[in-house]
Amino acid sequence: MEFLQEIQRRRTFGIISHPDAGKTTLTEKLLLYGGAIQEAGAVKSNKIKKGATSDFMEIERQRGISVATSVLAFNYQNKKINILDTPGHKDFAEDTFRTLTAVDSVIVVIDVAKGVEEQTEKLVEVCRMRKIPMIVFINKLDREGKDAFDLLDEVEQKLGLQVTPLSFPIGMGYNFKGIYNLWSQNIQIFEPTDKQKIAQTIAYESLEDEGLRQAIGEESLTELKESLELVKGVYPNFDQNQYLEGNLQPVFFGSALNNFGVQELLDCFIEIAPPPLPKSTDKRIIKPDEAAFSGFVFKIHANMDPKHRDRLAFIKIVSGIFKRNTPYLHVRQKKKLKFSSPNAFFAEKKQVVDESFPGDIVGLHDTGNFKIGDTLTSGEEIQYKGIPSFSPEHFRFINNADPMKAKQLNKGIDQLMDEGVAQLFVLNLNGRKVIGTVGALQFEVIQYRLLHEYGAKCTYENLNVHKACWIMCENPEHPEFEDFKRVKQKFLAQDKQGQLVFLADSAFSLQMTQQKYSAISFHFTSEMN
Ligand code: G4P
């Protein structure tokens, strides 16, 4: 197949949701429809079960599973589909944010009864800011939930989206009878069948079909007709360009568990979702069809086997063809590396491949060369943008508890930070190390992994920090900047890139400092431009 065709047939996306909305179930059903698995139940959930926060074996088990489910690829109607896994647990939100830099579109799953939840809001906000095309899937229609129009309102208001339904439910919960598919202009009647197998649906072409009247009854039919009138009157027509530009989000209804509405979603998705898109670097925009290979690291999985310091760096290919055993430039380290066994992902297996195309993800075995955000190219010195660090929510001093193992501790901290588990800040005043995380769970993970993978012991000490702000001043010699650095010396630190960070101890002090030093800009992500 030609290079251009290979690019055009790829669809790389992520599914995002609040935990328990049905992301894992939907992923599994997409694989089922894609023919990648024969029976549902093959893909394990990688979510951290509630109440398992201190169960380290559980964390280890989950890490094992999440390597397997990091990328799930399958072919469907001649399209190559790559689903990138995004952890739903809020303590791993940063992992999800980084994965969102490697997707070309997303599907947002919402529970019909719970509506828009906290984690959905945060993740959708990131997608909205990045103008990532989104399709919304409202799940669990087999259960009693909110009224469809109320839900559409809620999605618009809480998520700041402009929606247009491409399917509409007929009834709900006990009364769920099916959906009207506005995209393909037909009606699917819900028949609860074997949940593990592809659903059999009865399709009607027209609202006037006598069979339909009999199937759902006069009352439901009238209600459906009224709803469709309202949909037509209230929501804009679907416009693919608007969707691709991130200005319009189509909505589907269904039940992933019952395989209902999943195929409709998939059929529409492969037609409207974008193939691999161009991406910005510090120098220029790179197009997927450029001949020269380039890609970036968005995820690192480390030390699954503590006996081998083995890491798998996940690279999203942006342009050109990635070839096995070919030397590529590691731009940050300015050195050439080649890879004898790059892994590609298919369904829930990985296998060594000779070639991969834009949109694909390859897993490269790494002995410590990569960190998140690194760029790999055929030779051009460019750096992909767009993997910012967000201000952590929790901060603690990390102390060495075994003086004989200082080297191991430092190495462990260094590698875990490269992997993106947490962020490290070193205080300017005394060189003490501060770990910042998104969730409290990470502190336990770090302590456990330092001990088991590096043989190092650490303790933590509380530190009162409200937020980390990255500091910028146009003129480094500005008297205000000098004053700021002197007065706030105690609160200043450097991140791993050597950027200056202000660790504000309260919202109030942050606000006062911002007001006092107007020549300085305060950023809540490490990406300042
Ligand atoms: P997540 O990855 O977003 O966290 O959600 P997951 O797919 O694990 O689904 C969460 C729960 O919701 C699961 O039940 C799952 O079976 C259920 N579910 C998913 N889709 C539907 C649906 O369309 N209808 C109904 N009624 N339920 C659905 P669980 O009891 O927590 O887990 P399990 O024991 O069934 O795996």
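**Exercise 1.** Is phenylalanine 370 buried or exposed?

*Solution.* Start with the ground rules: this is a predicted model, where local features need pLDDT of at least 70, side-chain atom pairs count only at pLDDT 80 or more, and totals for chains, interfaces and linings use all residues. Numbering runs from 1 along each chain as its sequence is written, and side-chain values use heavy atoms, with hydrogens and water left out. Now take the cut-offs: buried is under 20% relative accessible area, exposed over 50%, partly exposed in between (1.4 Å probe, protein chains only). Phenylalanine 370 has 1% relative accessibility, so it counts as buried. Phenylalanine 339, at 7%, counts as buried too.

**Exercise 2.** How many aromatic pairs does a search of the whole structure find? Work through one of them.

*Solution.* Rings of Phe, Tyr and Trp (its six-membered ring) pair if their centres lie within 6.5 Å; planes under 30 degrees apart are stacked, over 60 edge-to-face, the rest tilted. The search turns up 23 pairs. In one, phenylalanine 314 and phenylalanine 345 have ring centres 5.5 Å apart and planes at 15 degrees, so they're stacked. Phenylalanine 314 sits in strand S15 (residues 311-319) and phenylalanine 345 in strand S19 (residues 343-346), so the pair ties together parts 31 residues apart in sequence. Strands here are DSSP runs (E, at least two residues), numbered from the N terminus. Both phenylalanine 314 and phenylalanine 345 are buried.

Conventions:
Helix = DSSP H or I, 4+ residues; strand = E, 2+ residues; numbered from the N terminus.
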